[in-house]
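The text follows the structure display.

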Amino acid sequence: MNLYFDNCATSFPKPSAVAEAMSKHLNETGGTYGRSAYPRILHSTRLVEECRDQLAVWMGTSDGGKIVLTANATTALNLMIQGICKKGGHVLTSAMEHNAIARPLQHLCQMGLIEWELLDSAPDGRILTEKIAAKLRPNTILVAVCHMSNVNGMAQSPGEIKKAIGDIPLLIDASQSLGSHPVEVDHWGVDFLAFTGHKSLLGPTGTGGAFIRHPEMVEPLIFGGTGSGSDSLSMPSFVPDRFEAGTPNITGIHGLNAALKNCPVAQHSRDDFSALLNEVRKNRNYVVRCAEDFAHQGKLFSVVHQSLSSSELALQFYEKFGIESRAGLHCAPLAHRHLGSFPNGDCRFSLSPYHTPEELNYLAKAIHDVGK
Amino acid sequence: MSENREIMLFQNIRQVIKAELWCVRVKIPVKVIPVPKPYSTECGLCLEVSNVDADRLEVFAGENGMVVRRITRN
């Protein structure tokens, strides 16, 4: 039985092709990216570009050349937030943010460079798009929001947000959504997007990146060798090179590429997930954190018990049922303040496409029994 | 008509790989080589094709927003 319900932290299991591809790179093929023209390097280089092209399909863009590969989504968010925000700027974000967005913003604020504030939101964190216009200022330089909350799984509507902010750049953190929820950066008009490879995309840790529609708006975060424009001491002006100094995580990218090509068919349906949520809601000892509208629900939710702390819950789930869950604030104190669960946090369950309906039923029973 | 070889220099590695992939797809004989020193101090890659195929490749590059520089190889 697969009792790992912490896929929002990092997904497990991965498609077997992931480890096979990484092992093959380490043990057989080797090679780095683009620094020379012998077959070993060409093999790796072609594969990196294949991965970029596959990612473009997953995120709904025709411009894979603007996908920059980084170590993770946090690095990508720091690259874009720090690279875009200039002195005197004003940034809007949501009440559901992870610290990967909140901390860079707060750092820039403490440096005296920017101001930032929260957009108005519904009780489940959904941005009230009709109230966005009132928050905009002449110096608003960026709107940065997570696509899917890592606390309650509520998914925003980036297309509607973009319509409300017009020409102001929109940065979407797709860490929890890309791979498990539709992402359409071109259709939505998203300007910048960060993603990770090791969550819903089922790739290895150490992979992720950014989609940067307007590279001219972003200053590089890391400076160094790119294998291009090497006669200059300045970073290249073109992407992806401008933001990819240093040797990439070639082994990890081999794994991510394999994950993208071997995406499993989900073993449970949306109806199965909906039934799980409805079952959990029946226990009045819990408050269930999820989207108000199931159409905006990603594959995670959390619970707050009326008397048991989140850590006590997680311990009991593991010791009594073998279920691995996540207790606490999930690096998202803003979200917990909004939802009313700060500072104690909650206990989160996040699904994998490998979970079967029987395993969801087992989880529902466990939640019920622990919460009696 | 004699056939010369041409070096096609691109802006970055991704463009080299995309162009190489296209050449393979349309059956243009192509070779990925290091950028020869006389043409650049870069440590990157470039393509070598016939001058006849270079015309087609240049069109493909232009249609896909790539900046390409052609150099005839003696």
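Leaving aside residues up to four places away in sequence, A:S44 touches A:H25, A:G30, A:G31, A:T32, A:I250 and A:H254. The model is a predicted one. A:S44 belongs to helix α2 of chain A, which spans residues 39–59. With a relative accessibility of 0%, A:S44 counts as buried, because the limit for that class is under 20%. A:S44 and A:A245 are separated by 201 residues in sequence, and their C-alpha atoms are 17 Å apart in space.

**The sheet of chain A**

Seven strands of chain A form an open sheet with mixed pairing, in the order β1-β7-β6-β5-β4-β2-β3. Its edge strands are β1 (67–70) and β3 (114–118), each of which pairs on one side only. On average, and with direction ignored, neighbouring strands of this sheet are turned by 20° against each other.

Strand β4 of chain A (residues 140–146) runs parallel to strand β2 (residues 89–93), and four bridges join the two. Within β4(A), A:L142 stands opposite A:V91. Four bridges also join β4(A) to β5(A), and these two strands run parallel. Here A:V145 has A:I172 of β5(A) as its bridge partner. Strand β4(A) is mostly covered, with six of its seven residues buried. In a regular strand, side chains alternate between the two faces of the sheet.

Helix α3(A) lies across β1, β4, β5 (170–173), β6 (192–196) and β7 of chain A. Its direction is at about 160° to that of β6(A).

How do α3(A) and α4(A) pack, and at what angle? Helix α3 (residues 73–84) and helix α4 (residues 99–110), both of chain A, pack at about 35°, and their axes are 9 Å apart. The crossing of α3(A) past α4(A) is right-handed. On the α3(A) side the contact is made by A:T74, A:L77, A:N78, A:I81 and A:Q82, and on the α4(A) side by A:A100, A:I101, A:P104, A:L105 and A:L108. By class, this contact has seven nonpolar residues, three polar residues and no charged residues.

**Backbone geometry in loops**

The table gives the torsion and the location of each.

| Feature | Torsion | Location |
|---|---|---|
| cis peptide bond, A:V239 to A:P240 | omega near 0° | A:P240 in the loop between β7 (208–212) and α7 (250–261) of chain A |
| cis peptide bond, A:F342 to A:P343 | omega near 10° | A:P343 in the loop between α10 (333–339) and β11 (346–350) of chain A |
| positive phi, A:H330 | phi of about 55° | loop between β10 (326–328) and α10 of chain A |

**Cysteines**

A disulfide is a covalent bond between the sulfur atoms of two cysteines. How many disulfides does the structure hold over all chains? The number is zero. Two cysteines of chain A illustrate the distances involved.

For A:C85, the closest cysteine sulfur is that of A:C109, 11 Å away, which is too far for a bond because the two sulfur atoms would have to be within 2.5 Å. A:C85 is buried, at 8% relative accessibility.

For A:C263, the closest cysteine sulfur is in A:C51, at 14 Å, and this distance is likewise too far for a bond. A:C263 is partly exposed, and its relative accessible area is 41%.

How values were computed:
Residues numbered from 1 in each chain as written. Chains lettered and ligands numbered in written order. Predicted model: local features only at pLDDT ≥ 70, side-chain atom pairs only at ≥ 80, totals over all residues. Heavy atoms only, no water. Axes fitted to C-alpha atoms, helices over the stretch in contact; angles between N-to-C directions. Left-handed = near helix turned anticlockwise from the far one by under 90°. Contact = heavy atoms within 4.5 Å. Nonpolar A, V, L, I, M, F, W, Y, C, P; charged D, E, K, R; others polar. Pairing = 2+ DSSP bridges. Buried < 20%, exposed > 50% of the residue type's maximum accessible area, 1.4 Å probe, protein only.
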